[in-house]
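Please read these notes with the model open beside you. They are set out as numbered points, moving from the whole chain to single residues.

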Amino acid sequence: MQGKKDYQEKLFTHFQLSEYVPEENFYRRLKSVLDLDYLYELTKRYYGSCGQQSIDPVVFFKLCLVGYLENIISDRKLMTHCSMRMDILYFLNYDIDDPLPWHSTLSRTRQLFPEAVFEQVFTQVFKLCVEQGMVNGHTQTIDSAPVKANASMDSLELKVPASELEAHLHQIRHISKMDRKPKEDKATPSQQTITANQKELQAIQSRNKLWIEQQDQRPGAGNKGSKYTSNKTHYSPTDPDARISVKPGKARKLNYLSQLSVDTSNHVITDICAYHADGKDNQQLQEITLRLKQRLWREGLVFDTLLADTGYSSGENYRFLEAQGITSYIPPHGTYKGGPEDFVYNEQNDSFTCSQGKNIPFVKHFRCSRTDTKKKEYRASKHVCKGCPVRSTCLKKSQEKRITLTAFRAEYERNNQRIRSKRGKHFKKKRSSTVEPVFGTLTQYMGMRKVNTLGLSQANKVMHMAATAYNLKKYLKYIAKHRNTGIVEQQNLQLLINVFYNLIKIVLSLPKYRQPIV
């Protein structure tokens, strides 16, 4: 007989979420291991003593984690998604008919709590991974990647000299009064003031001229901001902390820079932080190393090996890492030269010897104004090269031989020796297979493809929560894998104990072990 289902809503019904969420469900398992009750005491100071109750801080952080676990960067979409998922409602301690908070409440609460609270949540989850034995600590890999800011290149404004700033702001305010919607510029006066000198302005102008000749026919060339723009001449009034950056083969965008540290044992994220996108990796390495070393030390772990790419290479960093007792495996940049060709370096007396046997001694230390790096100068007097058969090709138009190179040559050479070793080649593959997949997972599957907030401080909160969600996912996968292994090992151990016990009984039952009864 053919059946037919007639739907009619019940006025009363008995329903419990716990009965419909399976035991092996991800959010049910996450709820059993994640304890965020410490947040009540940690966030108590940021609330008043009277008035309407706000969102539960534990619920807020759980909602943030769900957003990154589900790869949702919009608060509005996140609330719609959570309302249709019974397992997420169970994870949040909400019943099926309980109204969820408004999406705007998430945004306001995110601005209420400082960065330290978000970092504390990341640290507590990191401790879970350490206690489970997922982190060795001794070998760390560091890498960076740009993360798109919540601002468009179309919003760029031209910086003006400090003397013209007041007149420029007056003109902007006058124009904004004529529009239907007032224009808000969130940049400070220092961020609106041009920082490029005349030489840099001429270089930017020549690049724009070259761009007009070669790039103006490409798709998207008519968009505002598609020309060569610089952080020295332009800023974003929407998000002044965002910086213009570009990678080979990618479009110029307003980005933040994410600096990520990953442990090599189980790919657990050990540190993450947001920086301005126009900064260089080698300028941030020392700060990252100190912060990472302190975090690992607090957990009783020793940090002694660092893996990074060429962007972190500099003589100052090599010397700093050696002083910290950390062995670095960082390939040198292409501009490093141990010295000119056909010249032999004498380590004992710190000098060079040319192909004709002439000695070029060390003269002085100085700081290069262009690169702001410490350098050494070696120079021979005029009479040393007088009558030399290769004088014309060696000196060219100079009157004396002068050699300039980095003041950290010894540190470079020791690092290069490690890089060329068998262990260094192994670590090169280890680095690329450790940190790069983690970045790919965060940007493509865990909501870090774009920062949905404004400001460097807010971007740092976003990155910490994305890294926390990643570590939690790793943690649940690890304990599920080793739980079954642990059960088998426990059964095998019990079997060995039983066998050993039976052997003892058999041995003691032999006649020579029996004692006569007196």
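1. A residue is called buried here when its relative accessible area is under 20%, exposed when that area is over 50%, and partly exposed in between, using a 1.4 Å probe and protein chains only. On that scale, buried residues make up 40% of the 518 residues in the protein chain. This is a predicted model, in which local features need pLDDT of at least 70 and side-chain atom pairs count only at pLDDT 80 or more, while totals for chains, interfaces and linings use all residues. Residues are numbered from 1 along each chain as its sequence is written, and side-chain values use heavy atoms, with hydrogens and water left out.

2. The protein chain holds 17 helices and 13 strands, where helices (H or I, at least four residues) and strands (E, at least two) are DSSP runs numbered from the N terminus. With contact taken as heavy atoms within 4.5 Å, 68% of the contacts in the protein chain between residues at least 6 apart in sequence join residues at least 24 apart.

3. Helix α4 (residues 57–69) and helix α7 (residues 103–112) have axes that come within 11 Å and cross at roughly 105°; the axes are lines fitted to C-alpha atoms, for helices over the stretch in contact, and angles run from 0 to 180 degrees between N-to-C directions. That makes α4 roughly perpendicular to α7, given that angles of 65 to 115 degrees count as roughly perpendicular, those under 35 as roughly parallel, those over 145 as roughly antiparallel and the rest as oblique. From α4 the contact draws on F60, L63 and C64, and from α7 on L106, T109 and R110.

4. Helix α8 (residues 115–131) has 17 residues, which at 1.5 Å a residue should span 24 Å, and its end C-alpha atoms are 25 Å apart, in agreement with that figure; the expected span is 1.5 Å times one less than the number of residues. Buried residues in α8 are V117, F118, V121, F122, T123, V125, F126, L128, C129 and V130. After α8 comes G133, with a positive phi near 85°.

5. Most residues other than glycine have a negative phi, and two residues deserve a look on that account. N71, in the loop between α4 and α5 (75–83), has a positive phi near 60° and counts as partly exposed at 22% relative accessibility. H267, in the loop between β5 (253–263) and β6 (269–276), also has a positive phi, near 60°, and is partly exposed with a relative accessible area of 22%.

6. R291 is found in helix α12 (residues 281–298), and its side chain is joined to that of Y275 by a polar contact of 3.4 Å. A polar contact is a pair of N or O atoms within 3.5 Å; within protein, one must be able to donate a hydrogen and the other to accept it, and residues adjacent in sequence count only if both atoms are side-chain atoms. Leaving aside residues up to four places away in sequence, R291 touches D271, C273 and Y275.

7. Which residues does P340 touch, not counting residues up to four places away in sequence? They are F352 and I403, and the C-alpha atoms of P340 and I403 are separated by 7.7 Å although the two residues are 63 residues apart along the chain. P340 is in the loop between β8 (327–329) and β9 (344–346), and P331 also lies in the loop between β8 and β9. P331 is partly exposed at 25% relative accessibility.
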